[in-house]
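Subject: Structure handover

Hello,

Here is the structure I promised to pass on. Please open it alongside this note, and my findings follow below.

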Amino acid sequence: MDEAAIRRFPEPLPRSLAVARLAGAKIFHGVDHGVLATLARDARLSGGPDAAPAGAAPEADACLYVILHGHAAISTGDKVVELAGQGEVVGEERVFGPLRGTTVRLIGPATALAIPAGAVRRALDFSPRLARALMANLARREFHLLQRIECRTSRRAPERLGGFLLRQLAPHDEPQSVQLPAPKTIIASLLSMTKESLSRAFNTLAAAALISVRGRQVCVSRPWQLAEAFDCPKSCTACDGIACSQVALSPSAAR
């Protein structure tokens, strides 16, 4: 992974806090705290408002990243292929093999816990549970990528955007205002659109009175209508890389 795209704090995270952060990540549930302490020994914070600017010198080793706050965009070349949100883990590709050409960029004030790949591999020698957890997480991410590829080939731009917006909403049907998790250029790349196509898709949804937009703030007055218009299945994760709310919205939810 190209750590030149990562902004980072100059000081390592205290060991006890790093262990707590790791234990709070869903994929590490059930992993022995001694193993987490081994990982935490070499962990450091990446990103945040006080970090060095993007483009700092690359790290000597590839890293596994646990997103603590905000989102990270995972790219191959100029193409964004995934948005990882809080609690998610990325970077297994370079832990298990020398896959190159992938970059991770923290968005805005986002922060992540970075664990050098060498430290992860040493921990794997003593923890089959950690190995299973990382392999399961990598398989889940690859499955979601396949879903997103299928979505791109079968759904028009407004449909892809509508599904993406649905997954930013809280699980209820009252009017909601949400902030887009990334700049529109990143969202356009994630949804396989140009920035102009994304703008047209926003205009299409706004003209149908399904949303209103001000900058990165999007208001959805009737979420069930947006869901009904684009028939996006509640189990689908194809329209984003962020955890799906798994909630079916319907007109009855508002009553």
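Among contacts between residues at least 6 apart in sequence, 76% join residues at least 24 apart. Please keep in mind that this is a predicted model. The chain has 255 residues, and buried ones make up 51% of them. It holds nine helices and eleven strands.

Start with the largest nonpolar core, which has 29 residues. Within this core, Leu161 and Leu165 touch the most other members. Six elements each supply at least two of its residues: S5, helix H6 (157-166), helix H7 (184-190), helix H8 (195-207), strand S11 (217-220) and helix H9 (223-230). As background, nonpolar side chains tend to be buried together in soluble globular proteins.

Which residues does Leu165 touch, not counting those up to four places away in sequence? They are Leu180, Phe202, Leu205, Ile211, Val218 and Leu226.

**The S9-S11-S10 sheet**

Val218 leads us to a sheet. Val218 is in S11, and Val178 stands opposite. S9, S11 and S10 form an open sheet in the order S9-S11-S10, with antiparallel pairing. S9 and strand S10 (212-214) are the edge strands, and each pairs on one side only. Neighbouring strands here are turned by 20° against each other on average, direction ignored.

S9 and S11 pair over four bridges, in the antiparallel sense. Gln179 also has an opposite number in S11, namely Gln217. Strand S9 (residues 176-179) has two faces that are worth a look. Gln176 and Val178 are on the covered face. Ser177 and Gln179 are on the uncovered one.

**The S5-S4-S7 sheet**

Another open sheet has three strands, in the order S5-S4-S7. Its pairing is antiparallel. Strand S5 (79-84) and strand S7 (102-106) are at the edges, each pairing on one side only. From one strand to the next, the twist averages 25°. Strand S4 (residues 72-76) pairs with S7 in the antiparallel sense over five bridges. Ser75 has Thr103 in S7 as its bridge partner.

Now look at helix H2 (residues 33-41). Its N-terminal end is capped by Asp32, with a side-chain oxygen 2.6 Å from the backbone nitrogen of Gly34. Val35, Leu36, Leu39 and Ala40 are buried in H2. They cover an arc of only 140° around the axis, so they sit on the same side of H2. What do the buried residues of H2 pack against? The partners are H1, strand S8 (111-116), helix H4 (117-124) and helix H5 (128-154).

H4 is largely enclosed by the rest of the structure, because six of its eight residues are buried. The buried residues in H4 are Ala117, Gly118, Ala119, Val120, Ala123 and Leu124. They pack against H2, strand S3 (63-69), H3, S8 and H5.

Two single residues deserve a look. Glu92 is in helix H3 (residues 92-96). Is Glu92 buried or exposed? Glu92 counts as buried, because its relative accessibility is 0% and the cut-off for buried is under 20%. The side chains of Glu92 and Asn137 are joined by a polar contact of 2.3 Å. Leaving aside neighbours within four places in sequence, Glu92 is in contact with Leu64, Leu134, Asn137, Leu138 and Arg141.

Gly24 lies in helix H1 (residues 15-24). Gly24 counts as exposed, because its relative accessibility is 56% and exposed means over 50%. From C-alpha to C-alpha, Gly24 and Leu68 are 9.5 Å apart in space. In sequence, Gly24 and Leu68 are 44 residues apart.

Best wishes

Key: Residues are numbered from 1 along each chain as its sequence is written. This is a predicted model: local features need pLDDT of at least 70, side-chain atom pairs count only at pLDDT 80 or more; totals for chains, interfaces and linings use all residues. Side-chain values use heavy atoms; hydrogens and water are left out. Two strands pair if DSSP finds at least two bridges between them. Axes are lines fitted to C-alpha atoms, for helices over the stretch in contact, and angles run from 0 to 180 degrees between N-to-C directions. Buried means under 20% relative accessible area, exposed over 50%, partly exposed in between (1.4 Å probe, protein chains only). A polar contact is a pair of N or O atoms within 3.5 Å; within protein, one must be able to donate a hydrogen and the other to accept it, and residues adjacent in sequence count only if both atoms are side-chain atoms. Contact means heavy atoms within 4.5 Å. A nonpolar core is a set of buried Ala, Val, Leu, Ile, Met, Phe, Trp, Tyr and Cys residues joined through side-chain atoms within 4.5 Å. The arc is that of the directions from the helix axis to the C-beta atoms.
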